[in-house]
Amino acid sequence: MENANQSEPKNSVMPTGTVTLMFTDIEGSTTLWEELGKEVMLPVLETHNAILRQAKDNWFGYEIRSEGDAFFFAFQTASDAVQCAVEAQLALSQHAWPEAAGEIRVRIGIHTGDVSVLDRDYQGTPANLAKRITDAGHGGQILISATTQALVREQFPQPWFLDLGVYRLKNLHHSEQIFQIASPELQREFPPLRTLDSLPNNLPAQLTSFIGREAEIRKIANLLGKEQVRLVTLTGPGGIGKTRLSIQVATDQLEHFPDGVWFIPLASLTDPMYVAAEIASVLAITLQPQIDPQRQVIDYLAQKRLLLVLDNFEHLPEAASFVNDLLLRAPSLRCLVTSRELLQVSGEQTFVVPPLSVPPDDADIETLSQYDSVKLFIERAQAAQPGFSLSLQNATAISAVCRRLDGISLAIELAAARVRGMTAQQILDRLSQQFQQFGFLSTRSRDVPYRHRTLRATIDWSYQLLDADEQLLFAQLSVFSGGFFLEAAEQVCDVPDALELIFSLQDKSLLTAEEISEQIRYQMSEPLRAYATEKLDDSAKFEKAHAEYYLGIAQSCDQKLTGGEQSAALAEIALELENFRTAMDFTQMSEGKLFGELATALSEFFYIRGFLSEGIQHLRQAEHGLRTLKDNTLLLQVQYKLGRFYRVVGDNETARSLCTKSLQTARELGSKQDIANALNYLGIIARYQRNYEEAKGHFTESLQIARELGDKRSIALSLGNLGLIAQSQNAYDEAKSFHAESLQIARKLGDKRGIAYSLNFLGNITRHQGNYDEAKRLHAESLQIRKELEDKRGIAYSLSNLGNIASHQYDNAEAKRLYAESLEIHRELGDRWGIAISLNNLGKIAWYQRELNEAKERYTESLRIRAEIGNKQDIADSLHELGKLARSEENLEQAALFMLVAAHLYEQIKSASNKSAVNASIRRIQKEIGERRFKQLKEQAERMPLDRVIDLALV
């Protein structure tokens, strides 16, 4: 492109005011230096530098600085910057680079804004934004901010600008719209931008910028980069900035962990047992009832390359052994922990987070802004009072405040918020007075760090600055755990104008806010919450109000779990889970009925999300308390819900006892809805115990009551259960009729889970009847719904069922792919029963393809799991398959033994269809080995303990 002003001299004046900033760097330069060495790279770098500087000079740019292969340029006009970037990219792409180096690809980012100059460098948001836009790009790409695009869009053809969308960028507390320069001569197609949105993570969006600590970030990153360092613990007193530093380090590490960087908040947890569940919740691991949650999390992470940020660990020391086990079993896992105390486990690398740097008392105004504590004070003060700036009048006072607060981040932020109504000198005077008044007497404990006492004094001082209503609300908000929405505060707290007071507390840095689901959610840091709790009078009143409010939320969400709002309801309960747990901690001690209502309302969530141990614990406590209160109406509901949990974890006798008591009480009270529910649960227990006639009787009576009540969901549930009974007895047409009617009702209700289950059952029946195309359609629809609900366990079973269809259609390659995908999900979830099914299915495919070694490996691994679980039908299925495999290997006696034991097991559990299949195989073997030897093997099979047979099969 021709430059009309090339005869003009270079720009030698640093632009000020509104300036367009450009960052550039070579993509993959570190790798190039390592692979090519300085002999190749030094000449390459010299040429690269010359090209960029020539383009900068041609378009009146000013070089702020260069570092390695990166440049920072400034332009007085946005159009000059864009022209420079295009010219540079064209020159770089057209240059004949050494063959060993290949094409040198440079990424360029541009942003326009009002800049502040310090020590001949730009400070503040514009420079940070320009750099982060650059970091998001790829070699050969030019990215510009929406601000720059608005300035130049009329000066260039519209096709030049590709709107790439809105992204979250590192270190920024707002999202930014990004455009790509798409000049016809430039490359147009690139991979997705490298932003927080494109890399797997759940790092919290930060509403304020991160100040300083560059040296600390580098040191921690270096530690995490060492192969032998698996655990880094950031330690230091409360308020020092451990959490914010950990998030910043984690953000910078995103590209190094392909399986993601995951922030696990622990501050609200009250029991070490919840740590595994919290990790599982963040990573969307569906916990299975019969397996230890810690083991499931460990198994899921075993092959993952990810970073866990475990925040606020100090009050959960018993969970340190779990972290140690995680690191031992997951070799590619790294953990970054924030804690006031060390975990004291092997291999722990400690990093003591220092306070922010503070200026000496003789620092002049020119050097003051080099200190991070002063930078933080100024930026937070500007947020509280736009137009605030460092000046000769306030420099000495600001410096003194930062020293007085000893560089503690939270204390400085609290102090800076006061500039809305006080000068820096007044803040210093007031701070000195309060320190003199309170001294360091907020705690006398010798094990509390000095700076922690200073923080407490600062919080106390900040509290004293609040007016009476602000103090009341601040204390009352301490009842919330894990955050709250405005409506919750207005319902629970007892102050006038809660909305305005919340805004005021936010302005004074006592509350933080973030947008969630198009609402603003407020949060109080744990040090502040602990302090506020001490100031709360009549705490029981507000804790009860809090519990009653969240009971309403729980009951509302519980109702939604039966209809079309299931996903939203699950998400809402998960968001408020810490508030629910706090409410239950309070109510179980003093409000038995309220506790029972909470346990009942939350039981479905605990069941769906796999928090079975927690669900059982709460329901057991509720049952004990309600029996004492003799509240039979609620007690019977708790009993059949608790029975459901016990059935899932395999304690069928306890489950049957609880549901029987519940049914008896429901009949005495004449509560038809509860009678129907209890009957359904008793029927499910009987079906799992293979008492099909008993189960059918319970389901039939439940259906009759549900029809009388007009309860559509209970009708659908009973129909589905009757369909399963018919299916178990090979009455496929009858089963199909039940499931079809259940499906019709579920569709009318918008019950996605019910729809997916009915489709799944219908698909299985249709496959048994030989209509594979229709079965495939049904399972595909079920799979789609389960994907919408993010029901991983359901997805895995749908994939397995689709694999069954492919196998019946002799498409072994497709079946193997589907079974393998199902197995991978089951392994992620720690679903051992599902793992065994998938392994057995993969064994069948290998057997069909005559890959006998692989078949044996799959079958034996499946049998080993099934033997641990103890389900006789599954064990028999595995022995039958291993018997067929032994026959293929011409080991007829072993084949006969395995099949005879399988037949005996089928006889015990009355599995007619399975018994018929294995007996057919036995008859064929009987003819081959002769009557006499067969009789001896049969006697041996009858005498041999099942454990011994399994051991033989696993050899």
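**Salt bridges in the predicted model**

At 10% relative accessibility, Arg380 is buried in this predicted model, because buried means under 20% relative accessible area. Its salt-bridge partner is Glu379. The closest N and O atoms of Glu379 and Arg380 are 3.9 Å apart. Glu379 has a relative accessible area of 26% and is partly exposed.

Across the whole structure, a search finds 36 salt bridges. Side chains of opposite charge can pair when their charged atoms come close. One of the salt bridges joins Asp299 and Arg329, with an N to O distance of 3.0 Å. Asp299 lies in helix H8, which covers residues 293-301, and Arg329 lies in helix H9, residues 320-329, so the pair ties together parts that are 30 residues apart in sequence. Asp299 is partly exposed, at 28% relative accessibility. Arg329 is also partly exposed, and its relative accessible area is 46%.

A further salt bridge brings together the side chains of Glu591 and Lys544, at 3.9 Å from N to O. This pair links distant parts of the chain, 47 residues apart. Glu591 sits in the loop between helix H22 (577-590) and helix H23 (592-609). Lys544 belongs to helix H20, residues 539-560. Glu591 counts as partly exposed at 22% relative accessibility. For Lys544 the relative accessible area is 32%, and this residue is partly exposed as well.

Salt bridges can also share partners, as they do among Arg747, Glu774, Arg777 and Glu781. These residues are joined into one network.

Note on methods
Residues are numbered from 1 along each chain as its sequence is written. This is a predicted model: local features need pLDDT of at least 70, side-chain atom pairs count only at pLDDT 80 or more; totals for chains, interfaces and linings use all residues. Side-chain values use heavy atoms; hydrogens and water are left out. A salt bridge is a side-chain nitrogen of Lys or Arg within 4 Å of a carboxyl oxygen of Asp or Glu. Helices (H or I, at least four residues) and strands (E, at least two) are DSSP runs, numbered from the N terminus. Buried means under 20% relative accessible area, exposed over 50%, partly exposed in between (1.4 Å probe, protein chains only).
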